[in-house]
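Subject: Structure handover

Hello,

Here is the structure for you to look over. My notes follow it.

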Amino acid sequence: MKRVFQVLILFLATAAMGQDSEKQKEEQIKELIKNSFQEIFSNMESQALETYCTQDFLLLETGEVWDMEKMRSYIKKVREQKSQVKRINSFNFIEIKIEGKMAWVAYHNKAEFMSGDEVVREINWLESASAILTDEGWKLQLLHSTIANKE
């Protein structure tokens, strides 16, 4: 009986650790989305593309295909405008699936564009992304973005 109890405890501990590991991976995916949007789309840091995206990254943005070259050009163009408008991102995650070194995530994304304390524009998207686990951590490989109504 003692042996059965020990095996049961070991099984439960292993299962709990597996759940913690899965939750950690989900948190990593959420952080990937949040941090990439902050650095790429709010801070307009072109170097962040290499940090958060694979070299073959594609953004499908309301009917357009954006590759890394188009992303770099967009960031450069926006930086040259020297806008005083600040972008604030918020996310409502719908679902995250992780299978080995691949993950996908679906979420609502809201961007508020602020001038001082005033919201001058708000855009809502329904988005999905796929990510792969690399030696440097999770990276976005595909992002699909569709304009949506307010949540």
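**The largest cavity**

The largest cavity is lined by Ser 36, Phe 37, Ile 40, Phe 41, Cys 53, Phe 57, Met 71, Leu 140 and Leu 143. A cavity here is a set of points, on a 1 Å grid over the protein atoms alone, where a 1.4 Å probe fits but cannot get out; lining residues have an atom within 4 Å of a point. The largest cavity holds about 40 Å³ of space. Volume is the space filled by probe spheres set on the points, with grid points joined across faces, edges and corners. The structure has 1 cavity of 30 Å³ or more. α1 supplies the largest share of the lining of the largest cavity, 4 residues. α1, β1 and β6 each give at least two.

**Source and numbering**

This is a predicted model: local features need pLDDT of at least 70, side-chain atom pairs count only at pLDDT 80 or more, and totals for chains, interfaces and linings use all residues. Residues are numbered from 1 along each chain as its sequence is written, and side-chain values use heavy atoms, leaving out hydrogens and water.

**The chain**

The chain has 3 helices and 6 strands. These are DSSP runs numbered from the N terminus (helices: H or I, at least four residues; strands: E, at least two). Along the sequence the pattern is α-α-β-β-α-β-β-β-β. Of the 151 residues, 32% count as buried. Buried means under 20% relative accessible area, exposed over 50%, and partly exposed in between (1.4 Å probe, protein chains only). Among contacts (heavy atoms within 4.5 Å) with a separation of 6 or more, 50% join residues 24 or more positions apart. The chain exposes about 10,000 Å², and carbon and sulfur atoms supply 53% of that. Accessible areas come from the Shrake-Rupley method with a 1.4 Å probe; for residues, only the protein chains shown count as cover.

**The largest pocket**

A pocket is an open set of grid points with protein on both sides within 12 Å along at least five of seven lines. The largest pocket has a volume of about 790 Å³. Its lining has 29 residues; Phe 41, Met 44, Tyr 74, Arg 87 and Phe 113 lie nearest its centre. Two or more lining residues come from each of α1 (2–42), β1 (53–61), α3 (68–81), β3 (86–99), β4 (102–115), β5 and β6. α3 gives the most, with 5 residues.

**Two positive phi values**

Met 44 is not a glycine, yet its phi is positive, about 55 degrees. Met 44 sits in the loop between α1 and α2 (48–52). With a relative accessible area of 9%, Met 44 is buried. Lys 82 also has a positive phi, near 50 degrees. Lys 82 lies in the loop between α3 and β3. Lys 82 counts as exposed, because its relative accessibility is 64%.

Ser 130 lies in strand β5 (residues 118–134). At 19% relative accessibility, Ser 130 counts as buried. Beyond its neighbours within four places in sequence, Ser 130 is in contact with Ala 103, Trp 104, Lys 139, Leu 140, Gln 141 and Leu 142. Leu 142 belongs to strand β6 (residues 137–147). Leu 142 counts as partly exposed, at 33% relative accessibility. Together with Leu 58 and Val 65, Leu 142 forms a nonpolar surface patch with about 230 Å² of accessible area. Patch residues have over 30% relative accessible area and no salt bridge; nonpolar side chains (Val, Leu, Ile, Met, Phe, Trp, Tyr) are joined within 5 Å, like charges within 9 Å. A salt bridge is a side-chain nitrogen of Lys or Arg within 4 Å of a carboxyl oxygen of Asp or Glu.

Best wishes
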